[in-house]
Amino acid sequence: MTSREELGTDGDYLRERQYKDPGNLNARIALHAKHSRADVPWFDWLVGQVDWPDGGRVLEVGCGTGLLWVSAAPLLPRLQLTLTDLSEGMVEAASGAVAGLPGMELAEARTCDARDLPFHGGTFDVVVANHMLYHVPEPRLAAAEFARVLRPGGVLLAATNGPRHLDAVAAVSRAVLGWSSLDFVDRRFGLSTGGEILRTAFDSVTWHLHPSTMICTDPDDVLAFVASSPAGQSATPEQHVALEEAVAARFAAEGGRMTITTESGCFVAKR
């Protein structure tokens, strides 16, 4: 039987249920998109952490819906994109989103495992792993693959979260369901563990924190976030009712809002 923690790295579950289509991911993105407060929006900030060579070859592993490129394309030079994901549904969504973006040439889009990339060594100028390495059972193997396919002087942009990220959301989930899917992110590949993992394959690794806060004004967005997670997907109807009550109580205690800590950032790693 798959344990709670193993759900987050179980390939069949991720491919066939959690990320079969964009629905669950979009529910979680919505919480950030609607309620995060930052001087520089997440995607704009993220692409600002590296120098992008004009006409450079870029690989995104775990491309999701392609939202990174849709959001940040106006800030970037011409790029040749290769998009990969474990889920065929995500690759299809990302391919459709990127097609026709000014300056973005979609060189290839395919499903693959981050631990066994189907590309020759020294192929790419930049590899992007945006909030995905904590889904890889053996992130050290993925890090080695990222280093292998990067050209000398190439850069890895690996985004993840710290242990306090979305603390209030995790607390509600734990109180009602007994656990939160956020509990396992930092220990698998997060602020506390990611640097050590990446240093097994890269010479230079630095952490950059995205300055942001979150004040949520819509309890439905918190409920949708939890419901989209592995913890929420295993909840009973009675637990869903209890979640609604717990979230409503939290909003009432703060006068109609919910203050949520954010702790997202990225590692920039170089060979």
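A disulfide is counted here as a pair of cysteine sulfur atoms within 2.5 Å. The structure is a predicted model, in which local features need pLDDT of at least 70 and side-chain atom pairs pLDDT 80 or more, while totals for chains, interfaces and linings use all residues. Residues are numbered from 1 along each chain as its sequence is written, and side-chain values use heavy atoms, without hydrogens or water.

By the sulfur rule, the model has 0 disulfides. The sulfur of Cys63 lies 9.1 Å from the closest cysteine sulfur, that of Cys112, which is too far for a bond. Cys63 is buried, with a relative accessible area of 5% (buried means under 20%, exposed over 50% and partly exposed in between, with a 1.4 Å probe and protein chains only). Cys112 also counts as buried, at 14% relative accessibility.

We turn next to the helices, which are DSSP runs of H or I with at least four residues, numbered from the N terminus. In helix 2 (residues 11–18), the buried residues are Tyr13, Leu14 and Gln18. These residues cover an arc of only 95° around the axis, so they sit on the same side of helix 2; the arc is taken from the directions from the helix axis to the C-beta atoms. Their cover includes helix 1 (4–7), helix 3 (23–35), helix 11 (219–228) and helix 12 (230–233).

Helix 11 also meets helix 8 (residues 167–177), at an angle of about 65° and with axes 11 Å apart (axes are lines fitted to C-alpha atoms over the stretch in contact, and angles run from 0 to 180 degrees between N-to-C directions). Val169, Ser173 and Leu177 of helix 8 make the contact with Val222, Phe225 and Val226 of helix 11, where contact means heavy atoms within 4.5 Å.

How values were computed
Helix = DSSP H or I, 4+ residues; strand = E, 2+ residues; numbered from the N terminus.
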